[in-house]
Amino acid sequence: MNPQWKAGNRVELLENGEELYPRVFGAIDGARYEVLLETFILFDDEVGRRLAEALKAASARGVRVELTVDAWGSAELPTDYLEALTAAGVCLHLFEATHPKWLQRIDWFRRLHRKLVVVDGRCAFVGGINFSQDHLEHGGHGKEAKQDYAVQVEGPLVADIHRFAVEAIRSVHRRDGALPAIPAEALERGAEPAGDVVATFVSRDNLPGRRTAIERYYRMIIRRAEERLVIANAYFFPGYRLLREIRRAARRGVDVRLITQAEPDIPISRFAGRLLYDYLLEAGAHIYEYGERQFHGKVAIVDDEWATVGSSNLDPLSLWFNLEANVVVRDAAFTEAVARRLERLMHEHCREITPADTRRWIFWRPIAGFFAFHFLRHFPRLAGLLPAHRPRLTRVPAPGKDAGREAA
C-alpha cells in the first residue's frame, strides 16, 4: 500500500449539520464551474430542499452540477423533487445494484455510502453526514437526531478527491463525452497550498486494491500507536484482524478508548458489538456508549498526530461491501481538535462500560462470543462469494426527455 500523502492542505473538522451545511451551501452558492456531490441519503425536508435550491441556482448560473444519490438510501425522494432538479439542468444519477431477479434480496449490499462534495476543484467535504434534517442537533428529531462529523479540505489533496469524483461518474458520460470540465488554470489554483496539513484520501469499493483499503489503514496505524487510540464509530463489529490489533494495542499499554452508540437504529448492531466488549475490556481498553442521541460518527485518532474522518463504519457492510471514503490526516493541531471533541463527548454524554455491565446483559455471552469471533474470522472469505457487481449509475432524464443511460 502506497498512500499518496499530500502536504500543504487546510483541513477543518465539522460537527453535525449545523457546522457542515452552511459551509457546503456557501461553497455551492459561490461555485463558478462545477459541483460534484455524492450522498447515501437525501430527503425532501428542510435540508434537502435547501440543497436542491442551491444546486438549481448554480445550474442556472451555468455551473455544471453532478448529483449522485444511492437509490436505496434515498428511496423516499418524491418524483417532483427529482424532476425539479433535472428540469433545472442538474445531472442526476441514481446508484443501485443491478442483480438478476433471484438475487434482488441482497440488493442492500454494496451501497453507495460515501458523502462527498467537491466544488470547482478548490474545496471538498468528506464525512459521514447525509443531507437530511435529522443531522441537525436542533432539527426537531430529539433522540433520533444524529451525532456525526465531516471535514472541509482545501489544498493539493482536493485534486485527488476531484479526480476520484469525476472517475465515479465517467462511465455514465462515456457516450456523450459531457464529463465535467474545469479550466486548467482553475484546477491549478485549487491545487495551490492552503495550509500545512499532510493528508491523504482513501476509498473502499469492489475494485482490486481498494476492497480492504480503509481497514488496512486502520490496522497499519494502530500497530504504530504508542500512547493513545480513540475510535468513535457508530456500528462497531470489525474484522478479526482489526479487532486483534486494537486488543494488542491495549495490551502493550496504549490508552485505548472506544466510543459507540447505546441505542442504535439497527438493534442487532448493538447486540453484535457488545459481544466483543469482554475481549477488549480484558485487555485494558475503555468502552463508552453514547446515549444522548443517535451516534453516527466514523472518527479515530492515534497518538498526537494521526486522525481519520469519513463515511466508513467498522462493520461488515462498510468494510467489505459498501462504497466508502475517508480522509486521513497527519497533523498535531487537527488531531488535537478531534481529541477535544471526543473527550467532551465521552465525559459529558457517554457512560463507561465496565466488566460488571457485560456480565449482567446475557448469561450465554461466552457461547455467543465464541460464534461471533469465528464469524469475524471467516466472514471476509464468505463475503467474497457474494456477487460483486460493478457500480452502476442510472442517469435520470429531465421531464419530457428520453430515458437515461446506464453505465456498468
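Strand β16, covering residues 324–330, is mostly tucked under cover, with six of its seven residues buried. Buried here means under 20% relative accessible area, while exposed means over 50% and partly exposed anything in between, with a 1.4 Å probe and protein chains only. Strands such as this one are DSSP runs of E with at least two residues, helices are runs of H or I with at least four, and both are numbered from the N terminus. All of this comes from a predicted model, in which local features need pLDDT of at least 70 and side-chain atom pairs count only at pLDDT 80 or more, whereas totals for chains, interfaces and linings use all residues. Residues are numbered from 1 along each chain as its sequence is written, and side-chain values use heavy atoms, leaving out hydrogens and water.

Strand β16 has partners to look at. It runs antiparallel to β9, and seven bridges join the two; strands count as paired if DSSP finds at least two bridges between them. Within this pairing, T200 sits opposite V328 of β16. Strand β15 also pairs with β16, again in the antiparallel sense, over four bridges. There, T308 has V328 in β16 as its bridge partner.

Strand β15 spans residues 306–310, and G310 belongs to it. G310 is buried, with a relative accessible area of 0%. Leaving out residues up to four places away in sequence, G310 touches G127, G128, K298, A325 and N326, where a contact means heavy atoms within 4.5 Å. A300 is ten residues from G310 in sequence, and their C-alpha atoms are 9.6 Å apart in space.

On the β9 side, D205 lies in the loop between β9 (197–204) and α6 (213–224). D205 counts as buried because its relative accessibility is 5%. Beyond its neighbours within four places in sequence, D205 is in contact with R210, R211 and L323.

Next come the charged pairs. The structure holds 25 salt bridges, each being a side-chain nitrogen of Lys or Arg within 4 Å of a carboxyl oxygen of Asp or Glu. One of them brings together the side chains of E12 and R23, at 2.9 Å from N to O. This pair links distant parts of the chain, with E12 in strand β1 (residues 6–15) and R23 in helix α1 (residues 16–29), eleven residues apart. E12 is partly exposed at 22% relative accessible area, and R23 is partly exposed at 32%.

Another salt bridge joins K56 and E53, whose closest N and O atoms are 3.0 Å apart. Both residues sit in helix α2 (residues 46–60), and because they are three residues apart there, about one helical turn separates them. E53 counts as partly exposed, at 47% relative accessibility.

The side chains of E336 and R228 also meet in a salt bridge, at 3.7 Å from N to O. E336 is in helix α11 (residues 332–349) and R228 in strand β10 (residues 228–233), so this pair ties together parts that are 108 residues apart in sequence. E336 is partly exposed, with a relative accessible area of 34%, whereas R228 counts as buried at 18%. Salt bridges with shared partners also join R10, E12, R23 and E154 into one network.

What about cysteines? A search of the whole structure turns up zero disulfides, a disulfide being a pair of cysteine sulfur atoms within 2.5 Å. C91 is buried at 5% relative accessible area, and C123 is buried at 2%.

Stepping back to the whole chain, there are 13 helices and 19 strands. Of its 408 residues, 58% count as buried. Among contacts between residues at least 6 apart in sequence, 81% join residues at least 24 apart. The accessible surface comes to about 17400 Å², of which 52% belongs to carbon and sulfur atoms; the areas come from the Shrake-Rupley method with a 1.4 Å probe, and for residues only the protein chains shown count as cover.

As for confidence, the chain averages a pLDDT of 87, and 81% of the residues score at least 70. The pLDDT is the predictor's confidence in each residue, on a scale from 0 to 100. Over residues 99–107 the pLDDT stays under 50, and the model has nine contacts for that stretch beyond four places in sequence. Residues 403–408 are also below 50, with 21 contacts in the model beyond near neighbours in sequence.
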